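Here are my notes on this one, point by point. Have the model open while you read.

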Amino acid sequence: MIQINQLSKKYKGAEGFSVSELDLNIDEKEIFGLLGPNGAGKTTLISMLSSLIKPTSGSFSINGLTYQENKKELKQLIGIVPQEYALYPSLTAFENLSYFGSTYNLKGKALKEKIHELLETLGLSNFANKKISTFSGGMKRRINLIASILHEPKVLFLDEPTVGVDVQSKNVIIEHLKQLNAAGTTMIYTSHHLNEAEDFCSRVAIIDNGKIITKGKPKDLVSSFEDARNLEDVFLAITGKALRDHA
Amino acid sequence: MHKLWASTYKEFLLLTRDLGGLAVLFLMPLLLVITITIIQDGTFKTLKETKIPVLWVDQDQGDIAKTIYQGLTESNTLELIEETSETEAASLVNKGDFQLAIVIPENLSKDLAKKVNENVTGMLAKFGLEEDSIAPPKTILSPKEVRLYFDPATQYTFKSSIKNGIDQMIAKVETQSIYKAFQEQVTDDPSEIIFDTESFITFKEIGPEDSEKAVIPNSTQHNIPAWALFAIFFIILPLSINMVKEKNQGTFVRLRTNPISYATVLGGKTLVYLCVSLLQFGLMLLIGVYLFPNIGLPKLDVAGKVPMLFVVAFFAGLAAIGLGLLLGTIAKSQEQSAPFGATFIVILAALGGVWVPVFAMPSFMQTLSKLSPMNWGLEAFYDVFLRNVGLSELLPEISLLFLFFVATAAIAIVYNERKNAV
């Protein structure tokens with residue numbers, strides 16, 4: 001589904017590469033977790049795959065399509081749940097979703113029904129006509145997710161979709177994502193919640209300094225490390241315990 | 001088309017949800033036009049109705065001082081306050097208590113009369129009209145100067161008009177003295193009028209020749225187009241701030257990953273902000289027509305000109321929006337867009353002739369002013385308001401405004417594409 005070949009990114013003025021000669025294949029219907037400390041290159045990789053930044057070198061394709069040749073089709077194929085709340089605070093939930101849905105050519109009754117269906121599923125049907133500025137963090141995260149899946153994307157990029165939300169909201173989000181995956185959506189997910197990733201992802205890659213250090217099924221990775229009880233132990237064993245404060 | 005409509009509707013919602021911002025968007029330009037028109041109209045009225053207090057130091061105590069005093073008093077522009085000491089008068093002016101002190105020098109009347117009499121007698125002697133036909137020897141008189149003390153903060157235009165006024169008055173007094181001297185020499189009967197001392201040459205202001213109902217330009221006819229244009233261009237600020245906000249909120253990031261073109265996003269903004277510009281302009285016309293006469297300002301005459309005025313406002317609005325789109329695309333923060341936008345509008349307005357007429361600018365600035373879209377807009381408005389031209393005469397100016405919009409919007413799109421190319 002996603003083929004990445006020798007993909008690199010070096011930001012202007014940066015000393016090193018944020019992503020360095022990265023090779024990766026992600027299969028259809030996978031939930032692939034990109035795990036790594038701050039500044040490891042997770043968001044940079046997702047940003048390249050979702051057309052937000054230009055790679056320095058290398059290439060990738062999604063479902064056989066590239067941005068250089070099939071930009072429009074590819075944008076219609078993917079969905080992105082960004083790390084920040086990418087919503088208009090002064091508009092209501094319904095107005096935000098109507099607008100973002102219309103950018104995917106959704107319109108009329110079909111769009112309206114889809115919005116109400118997803119609001120219902122994610123427990124927000126009573127808040128459709130409330131402004132986003134009045135929402136809690138968990139509610140905004142759920143609207144952020146809905147805005148990215150209205151058009152039923154084949155590939156969904158999730159950049160820390162549950163960061164800063166309450167347990168209930170996190171549970172609703174993860175459960176819905178599992179349903180989407182079951183329905184055929186391939187997902188690329190980044191998170192610092194390693195327990196969540198261990199449970200949620202079919203495969204993970206631990207990435208540091210722009211390179212993949214190891215990858216595999218969470219259970220296999222845990223069993224391959226002596227004394228590792230969970231993915232967090234594996235993660236610390238690979239990336240070390242030194243702080244990774246990043247400016 | 002569906003995406004353009006959705007973008008337009010979204011922009012409409014964003015604008016109407018910020019009621020404070022919307023009020024500022026409409027009320028501030030109106031306040032600006034009202035304030036400027038009252039001030040500028042007041043400048044004319046000040047000269048007609050309000051008297052400026054001026055210190056009067058009469059060291060002459062003669063006829064000329066009396067004539068100048070009378071002339072200045074009758075002009076109804078100055079209130080003369082008598083002061084005996086020139087030093088004290090100069091000190092009061094220097095402190096800013098008075099704008100001006102006029103000092104009439106000692107023996108001005110006496111010496112001028114003597115000088116004129118000697119000149120006239122000498123001239124008549126040359127013609128052989130005097131009994132002895134020999135001109136009497138001339139007395140050596142020191143030149144006289146009327147001293148004007150101005151407050152250092154006094155504006156050049158005021159100084160200039162006062163100097164010109166007094167100069168004219170003195171010239172008239174001198175001329176009348178010469179006539180009087182001739183009269184006295186030629187006839188012994190003072191009731192016999194030999195010379196007609198009334199001005200022979202007068203001025204008449206002629207308006208546009210093709211209009212029988214030619215509008216005599218007043219402060220409203222000048223101010224509404226100039227400041228309406230200024231207000232139209234101020235749309236740059238909210239528009240660029242709206243775009244920078246989208247970047248900061250993250251919504252622009254989402255739009256970049258969605259299958260919607262940047263041109264469509266800008267199209268939505270253009271349509272909404274163009275409507276705002278036209279509404280702003282319409283409101284300005286309405287206050288000029290209906291409010292101004294009720295607050296003592298001249299009424300704005302728009303008879304038969306409304307469609308043409310809106311044509312100009314439409315293209316001026318487009319030019320302003322193009323600039324706003326470009327600024328919003330390039331700026332990374334409100335701290336960049338707001339001060340730059342505000343200052344740039346003021347520069348464009350200054351270059352465009354909103355404050356100082358282009359013809360009064362240095363030649364280099366006159367050339368530069370031709371590059372300001374505000375100059376094109378202002379000329380187009382003046383063409384409609386004051387010169388009564390038709391659409392064909394407006395074409396050069398509105399074409400330039402349209403091309404400016406196309407160019408700035410295209411640069412914004414290309415810049416965005418290049419910056420975000422993948």
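1. Let's start in chain B with one pair: B:Leu100 has B:Phe150 as its bridge partner in E4(B). Strand E3 (residues 100-104) of chain B and E4(B) run antiparallel, with 4 bridges joining them. On terms: helices (H or I, at least four residues) and strands (E, at least two) are DSSP runs numbered from the N terminus, and two strands pair if DSSP finds at least two bridges between them.

2. Before going further, a word on what we're looking at. This is a predicted model, where local features need pLDDT of at least 70, side-chain atom pairs count only at pLDDT 80 or more, and totals for chains, interfaces and linings use all residues. Residues are numbered from 1 along each chain as its sequence is written, while chains are lettered from A and ligands numbered from 1 in the order in which they are written.

3. Back to the sheet. It is open, has 4 strands in the order E2-E1-E3-E4 (chain B), and its pairing is mixed. Which strands stand at the edges? Strand E2 (78-82) and strand E4 (147-150) of chain B do; each has a single partner strand, so one side of each has no neighbour in the sheet. On average, neighbouring strands are turned by 25° against each other, direction ignored (axes are lines fitted to C-alpha atoms, for helices over the stretch in contact, and angles run from 0 to 180 degrees between N-to-C directions).

4. Chain B is assigned domain 1 (2-43 + 213-419) and domain 2 (51-186); such bounds come from an automatic or database domain assignment. The C-alpha centres of domain 1 of chain B and domain 2 of chain B are 52 Å apart.

5. Now the interface: 27 residues of chain A are in contact with 21 residues of chain B, contact meaning C-beta atoms, placed from the backbone, within 7 Å. On the chain A side, helix H2 (67-77) and H3 of chain A are the elements giving two or more residues. That side divides into 14 nonpolar, 7 polar and 6 charged residues (Ala, Val, Leu, Ile, Met, Phe, Trp, Tyr, Cys and Pro count as nonpolar, Asp, Glu, Lys and Arg as charged, and the others, Gly among them, as polar).

6. Two backbone spots to check in chain A. A:Ser51, not a glycine, has a positive phi near 75°, and A:Ser51 lies in the loop between helix H1 (42-49) and strand E4 (57-62) of chain A. A:Asn105 also has a positive phi, of about 70°, without being a glycine; its loop runs between helix H3 (93-102) and helix H4 (108-121) of chain A.

7. Are these two buried or exposed? A:Ser51 counts as buried because it has 20 C-beta neighbours inside 10 Å, whereas A:Asn105 is partly exposed, with 14 other C-beta atoms within 10 Å. The cut-offs are 20 or more other C-beta atoms within 10 Å for buried, 12 or fewer for exposed, and partly exposed in between, with C-beta atoms placed from the backbone.

Note on methods
Contact = placed C-beta atoms within 7 Å.
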